[in-house]
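Subject: Structure handover and notes

Hello,

Here is the structure you asked to look through. My notes follow below it.

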Amino acid sequence: MELNCVQFLRNKTILVTGATGFLAKVFVEKILRVQPNVKKLYLLVRASDNEAATKRLRAEVFEKELFKVLRQNLGDEKLNTLWYEKVVSVPGDIATDQLGINDSQLRERMQKEIDIVVNVAATTNFDERYDVGLGINTFGALNVLNFAKKCVKVQLLLHVSTAYVCGEKPGLIPEKPFIMEEIRNENGHQLDINLERELMKQRLKELNEQDCSEEDITLSMKELGMERAKLHGWPNTYVFTKSMGEMLLGKHKENLPLVIIRPTMITSTLSEPFPGWIEGLRTVDSVIIAYGKGVLKCFLVDVNSVCDMIPVDMVANAMITAAAKHAGGSGVHMVYHVGSSHQNPVTFGEIHEIAVRYFTKNPLRSRNGSLITVSKVRFIPTMALFSLYMTLRYKLPLQLLKLVDIIYPWRNGDKYGDKNRKIELVMRLVELYEPYVLFKGIFDDRNTKSLCANQKEEEIKNTEKLMFDFDPKGINWGDYLTNIHISGLVTHVLKK
């Protein structure tokens, strides 16, 4: 099958949920830049009304530096015309029926016009409240599917998940859909997603009846999510609720073609629309920046474990290519791992060496303006050893500080309390990141590799230029991390 992605996008009407998110706006920018003759983009955002949705899209999407190339190519006037003619802001919420689209006329028009539905909306907090995670990641996905089924021209639902729905399985992880009936916990009980929702509702009802504070409810809901995730074999609420969302899509898709994109850790743009654009600190970035600021002295990580990263523009390219291949196909239920661990792996140890060289040559400045000197981090390969290290290095000396606070209560400030809170925060973060910094899986990407080969062959034949590249073999990690990604973090995150 020929994969002319630019031609495929022509005259298409596409619904994108989670439109203000990092990946979604890169996806939207790419479409508008390569195919201004797309028919319409309906962009769903959480907002109270049309005016609020439009303002939010403009502030959080179109005014971002990400769109500077498109702005330079077209000029402000033509770009504003393009947005006005092609983009429709839709106030809504995937956690509610009909996607929370209250305007019935707008809803009916969308259901008559939409060709492709792209669900990027998600909550990505590892320890999200269980009610929120279920509402967005699990039943929100089902709400998007139900909406797509009502679109009379719909050719495809493309759902963005995460590669880490696999849990903590080691070895080669296949690109396979989840079968809900096959999921059983350690006690042999089958996973019942509706029961999970009922358990959540019951706990929420009990907390409200006990007149608990919002803070206590949030804490209890977070604990419930982690508890249920671990019971069923997932490390946290995020990947558990995302995996259940995939299960519901597979069970209820009927004849609707379904493509699931499972990216690994998404990083800054490799090349498009320009190298190094990123928004916020994402996964491993927090560790890189903490190191550059000189505050990271030790960390739980196996230096030989692969850190599976993939630039965001490659994920957007894979999404468009997969949509072009499968739109209108019958009985489609395809899964694509979009990552680098299988074809072009880089280890945590290699990333650390690159970061050492970068911040030695380009040191950050402290608040008083002095240059920050970095040194190598002490890496600890198991949670047991890390806990022991923290006890000997920090917790035992802290007990002495507690004794001083008791003997001299008139001293200014609660130094023991402050340091204890910091240690507890570090341990909490380490526990959340443990499944990923010690991860022993490699993501098989034979589906993605085949898709990439087909797309490359078609593009070279027609244009001699790759417009939708997502081949991880083309990434030089030393060059990318040094000259693009870390410098992008400093430019687009730290300087703000």
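Helices here are DSSP runs of H or I with at least four residues, strands are runs of E with at least two, and both are numbered from the N terminus. The expected span of a helix is 1.5 Å times one less than its number of residues. This is a predicted model, in which local features need pLDDT of at least 70 and side-chain atom pairs count only at pLDDT 80 or more, while totals for chains, interfaces and linings use all residues. Residues are numbered from 1 along each chain as its sequence is written, and side-chain values use heavy atoms, with hydrogens and water left out.

Helix α9

Helix α9 covers residues 214-231, which is 18 residues. From its first C-alpha to its last it reaches 26 Å, close to the 26 Å expected at 1.5 Å a residue. Buried residues (under 20% relative accessible area; exposed is over 50%, partly exposed in between; 1.4 Å probe, protein chains only) in α9 are I217, S220, M221, L224, G225, M226, R228 and A229. In general, an α-helix has 3.6 residues a turn, so residues three or four places apart point the same way. Just after α9, G233 takes a positive phi of about 100 degrees.

Salt bridges

A salt bridge here is a side-chain nitrogen of Lys or Arg within 4 Å of a carboxyl oxygen of Asp or Glu. The structure holds 20 of them. One of them involves E214 of helix α9, whose side chain meets that of R129 at 3.0 Å, N to O. R129 sits in the loop between β4 (116-119) and α7, and the two residues are 85 apart in the chain. E214 is exposed at 52% relative accessibility, whereas R129 is buried at 13%.

Another pair is E272 and R33, with the closest N and O atoms 2.8 Å apart. E272 lies in the loop between β8 (265-267) and α11 (284-292) and R33 in helix α2 (residues 22-34), so this bridge ties together parts that are 239 residues apart in sequence. Both E272 and R33 are buried. Through shared partners, salt bridges join E29, K30, R33 and E272 into one network.

E65 and K68 also form a salt bridge, at 3.5 Å from N to O. E65 is partly exposed at 34% relative accessible area, and K68 is partly exposed at 29%.

Cysteines

With a disulfide taken as a pair of cysteine sulfur atoms within 2.5 Å, the count comes to 0. For C166, the closest cysteine sulfur is that of C307, 14 Å away and too far for a bond. C298 is in no disulfide either, since its nearest cysteine sulfur, also in C307, is 18 Å away. C166 is buried at 10% relative accessibility, and C298 is buried at 10%.

Two leucines

L134 lies in helix α7 (residues 130-149) and is buried, with a relative accessible area of 1%. Leaving out residues up to four places away in sequence, L134 touches F139, G140, E196, R197, M200, T241 and M244, where contact means heavy atoms within 4.5 Å.

L388 is in helix α14 (residues 383-407) and is partly exposed at 47%. Together with L385 and L392, L388 makes a nonpolar surface patch of about 290 Å². Patches are made of residues with over 30% relative accessible area and no salt bridge, with like charges joined within 9 Å and nonpolar side chains (Val, Leu, Ile, Met, Phe, Trp, Tyr) within 5 Å. Accessible areas come from the Shrake-Rupley method with a 1.4 Å probe, and for residues only the protein chains shown count as cover.

Regards
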